[in-house]
Amino acid sequence: MGSMFRGEEVALVQLFLPTAAAYTCVSQLGELGLVEFRDLNASVSAFQRRFVVDVRRCEELEKTFTFLQEEVRRAGLALPLPVGRLPAPPPRDLLRIQEETDRLAQELRDVRGNQQELRAQLHQLQLHEAVLGQSHGPPLAAAHTDGPSSERSPLLLPPGGPHQDLKVNFVAGAVEPHKAAALERLLWRACRGFLIASFQEMEQQLEDPVTGEPTRWMTFLISYWGEQIGQKIRKITACFHCHIFPFLEPEEARRGALQQLQQQSQELQEVLGETERFLSQVLGRVQQLLPAGQMQIRKMKAVYLALNQCSVSSTHKCLIAEAWCAVLDLPTLQQVLQDSSSEAGVSAVAHRIPCQDMPPTLIRTNRFTASFQGIVDAYGVGRYQEVNPAPYTIITFPFLFAVMFGDVGHGLLMFLFALAMVLAENRPAVKAAQNEIWQTFFGGRYLLLLMGLFSVYTGFIYNECFSRATTIFPSGWSVAAMANQSGWSDAYLARHSLLTLDPNISGVFLGPYPFGIDPVWSLATNHLSFLNSFKMKMSVILGVIHMAFGVILGVFNHVHFGQGHKLLLETLPELIFLLGLFGYLVFLVLYKWLCVKAADSASAPSILIHFINMFLFSSSPTNRPLYHAQEVVQYVLVVLALASVPVLLLGTPLYLLRRQRHLQRRPAGGQDEDKAKLMDSDACESGWGPDEKAGCSGDEKEAEQLIASEVFMHQAIHTIEFCLGCISNTASYLRLWALSLAHAQLSEVLWAMVMRVALSANLRVGVQAVVLVPVFAAFAVLTVAILLVMEGLSAFLHALRLHWVEFQNKFYSGTGYKLSPFTFAAEDE
Amino acid sequence: MLFASCAPETCARRTCPPRPRPAGHPGSDMTAHSFALPVIIFTTFWGLIGIAGPWFVPKGPNRGVIITMLVATAVCCYLFWLIAILAQLNPLFGPQLKNETIWYVRFLWE
């Protein structure tokens with residue numbers, strides 16, 4: 001069967017790694033992903049472990065890498081993916097990598113700093129140019145026309161005489177646009193008309209050197225007189241963080257200054273260009289170095305973290321590590337250790353040690369079985385060497401889905417979609433897609449493939465293709481025979497709008513349709529009466545068989561773990577209870593299908609009433625028995641089923657307690673092997689694997705002692721769960737009926753309300769063809785959205801629930817943990 | 001699908017020529033469906049897949065899984081088909097049809 005039937009055997013191995021070769025060995029193990037290290041230094045904090053210094057250095061390097069990565073991203077460049085698989089570098093290379101990286105980071109920081117400075121300077125120059133360049137009318141006009149003393153216009157009457165002798169001064173600068181109005185207001189309020197201010201927006205937008213946003217600064221020119229006013233103005237402008245530039249009154253001087261500024265800014269721009277070219281060179285070097293470096297350092301850090309989990313031997317010559325390894329991989333492990341430590345002289349060894357705890361579960365899957373194992377593991381990873389439900393789930397899950405989804409058309413669409421994904425699975429574009437919903441569908445492509453395939457099959461059996469039935473074979477019901485023999489003349493038919501075919505009349509019912517449901521039922525108005533009965537009985541039959549299969553799988557668990565007594569004391573009563581009651585129900589259904597003919601239809605026995613009376617030990621006079629000794633058989637079955645309950649409840653605990661008492665009474669000599677056997681079964685009683693002894697060596701004494709109340713309690717819970725569960729789980733399988741009914745009805749409604757309206761509209765051929773196009777589009781969209789996606793998800797969920805609860809609680813505990821080997825594979829992606 | 005040779009409107013006026021009917025089936029010329037033949041065919045088919053198929057699976061790491069898949073498929077599909085045909089073997093009531101349906105199916109499915 002391979003390893004999918006139950007998990008592989010996993011052993012605990014002890015590795016002796018010579019100190020010199022420890023790094024290489026662990027690095028090789030990481031490349032192969034063979035073993036899972038156990039932390040031997042769990043009590044030691046992270047800061048006190050042996051290789052903490054190396055780990056810290058790796059982390060510092062990673063910080064530098066992050067900084068470089070951020071810079072590359074800021075410049076709008078992309079980091080290429082690392083090429084090939086680089087192994088973790090030896091420890092002596094760490095220094096070299098560190099130096100290179102630090103050098104690059106320093107260069108990058110310097111260049112960036114220079115660039116910032118230059119840009120700030122350029123910004124200042126540009127502002128100055130703008131301030132000088134723009135003409136501010138009123139203040140200059142005021143300066144020119146109004147002389148220093150007497151030719152003052154009455155508008156500017158100063159409060160006192162002596163002020164008339166003061167010279168007009170200027171303050172020129174630039175302010176951010178959103179502060180301009182506030183500045184103007186404050187200036188006016190503070191200086192009370194002793195100034196004339198003019199604000200103008202700059203013509204071009206300048207890039208802010210810090211944020212990079214283009215903003216339009218406002219330049220202003222303030223003319224004032226009076227020293228105190230001047231001081232006030234300067235304080236106000238300083239408060240508003242305005243840039244103030246010296247303003248020369250004579251026009252030529254200003255023009256000269258402007259020219260000088262322009263020259264300066266040109267030179268500055270050249271220098272800036274050079275700086276940016278150098279920056280891109282540095283970034284190019286970073287792009288080359290970074291991907292490989294990041295991967296190498298990540299691997300190195302992982303190796304050191306793994307080495308931190310090893311303990312040091314007493315001689316300090318080698319490291320001791322404990323790891324879980326699959327037994328089949330042990331030879332490979334030995335080989336790898338030998339190869340890696342060949343230069344060190346002393347070779348590393350690994351040998352198996354007995355394990356105290358439950359080993360992890362390892363089940364190897366390929367890309368087909370992985371999705372099915374995934375849905376089993378989503379419920380819970382199996383205990384060590386427990387029977388794995390996945391190989392059966394590969395078929396039963398799509399089958400139960402298809403029972404709820406059965407439609408040829410919808411199944412075909414789902415199958416084709418999955419087929420497209422499967423055929424395109426190796427394309428890199430498909431693998432690199434980031435959309436999560438697509439990834440979910442893509443991961444389950446084999447699941448969808450099987451689900452679609454089975455849905456096509458069940459669609460043929462239900463005889464539904466987009467809710468339409470097909471007559472591949474001729475129908476088994478003859479309407480003509482009924483009409484001719486019952487005298488259904490045209491007048492008679494016109495008077496009666498609904499007429500029923502009677503199977504008792506010869507020639508009307510010609511035999512069962514050979515493959516699936518007869519197509520006449522899709523034309524009948526009472527088709528639900530027939531289909532409901534059929535689907536309910538089908539659900540119960542499938543459910544009882546599925547659950548019985550689950551109980552039988554439990555047999556393999558009992559045999560493997562050496563709990564033979566459970567076969568007689570648990571499996572047998574369980575089977576008697578399940579099959580005696582619900583297996584008998586299935587028998588009744590089959591018997592009625594085979595033996596109750598149409599001629600007796602008036603007095604046909606009701607299975608439901610028989611089943612109820614079976615439990616109540618009573619009988620209904622109007623309900624005739626199905627077969628001759630029915631009452632006796634039912635009586636016997638109920639008694640057997642009720643008798644199996646106390647066996648299930650008390651059998652195993654009493655057996656275990658009696659065995660313990662026997663062993664305690666025996667002499668000490670024979671006790672050791674029996675002790676081992678008892679501890680095995682104790683251990684198994686609490687549910688562990690065969691290799692495991694309960695607890696550490698110190699607890700052997702307590703392990704012998706079975707606590708009676710615990711054992712009885714555990715068994716009582718199991719019994720109640722099983723017996724009540726039988727009833728509720730059988731009823732739970734009726735969801736197969738409910739969902740298939742819902743799907744059929746939704747599909748029917750969509751056809752009747754959308755497509756049929758367009759197909760049966762009595763329009764001219766050309767017009768109807770045109771009308772059909774949008775109607776079909778609506779039909780297609782609604783089919784995909786409602787019937788495929790919504791109903792598909794719903795049926796998926798319910799099939800999953802049936803597996804997880806109704807099937808798996810008969811034999812699967814799912815309380816293990818997976819073997820997660822030490823591997824670099826996740827980082828290579 | 002079987003199509004009538006004449007349109008329903010003309011048939012309703014009973015101008016169709018009478019057709020020869022096989023003996024033993026008054027009022028129709030449809031042949032009876034046997035029950036034994038489909039059972040034999042499908043039992044053989046799924047039996048080949050489920051019982052004989054496993055012998056032909058090539059040796060390899062996936063042999064166990066493929067055998068399980070074949071057997072499970074055969075069991076599930078055979079069981080489902082069997083339930084469908086057994087449910088229709090002895091019908092206790094027949095389909096209730098609208099008179100329009102009777103008018104055209106009566107002659108369509110002959």
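How many salt bridges are there between chain B and chain A?

1. The count is 0 salt bridges between chain B and chain A. The model is a predicted one, and this should be kept in mind for the points that follow.

2. Polar contacts are present: 22 residue pairs between chain B and chain A are in polar contact, with both residues at pLDDT 80 or more. On the side of chain B that touches chain A, the elements giving two or more residues are helix H2 (36-52), helix H3 (63-87), strand S1 (96-98) and helix H4 (99-108) of chain B. H3(B) supplies the largest share of that side, 16 residues. By residue type, the side of chain B that touches chain A has 34 nonpolar, 15 polar and 4 charged residues.

3. On extent, 76 residues of chain A are in contact with 53 residues of chain B. About 6000 Å² is buried between chain B and chain A, and carbon and sulfur atoms give 70% of this area.

4. The chains also meet through strand pairing. S1(B) pairs with strand S12 (residues 498-500) of chain A in the antiparallel sense, over 3 bridges. Within S1(B), B:Lys98 is the bridge partner of A:Leu498.

5. On the domains of chain A, the assignment gives domain 1 (10-108 + 284-352), domain 2 (114-136 + 166-274), domain 3 (387-474) and domain 4 (535-663 + 707-742 + 805-812). The centres of domain 2 of chain A and domain 4 of chain A, taken over C-alpha atoms, are separated by 94 Å.

Notes. Residues numbered from 1 in each chain as written. Chains lettered and ligands numbered in written order. Predicted model: local features only at pLDDT ≥ 70, side-chain atom pairs only at ≥ 80, totals over all residues. Heavy atoms only, no water. Contact = heavy atoms within 4.5 Å. Buried area = accessible area lost by both parts, 1.4 Å probe. Salt bridge = Lys/Arg side-chain N within 4 Å of Asp/Glu carboxyl O. Polar contact = N/O pair within 3.5 Å; in protein donor to acceptor, adjacent residues only side chain to side chain. Helix = DSSP H or I, 4+ residues; strand = E, 2+ residues; numbered from the N terminus. Nonpolar A, V, L, I, M, F, W, Y, C, P; charged D, E, K, R; others polar. Pairing = 2+ DSSP bridges. Domains from an automatic or database assignment.
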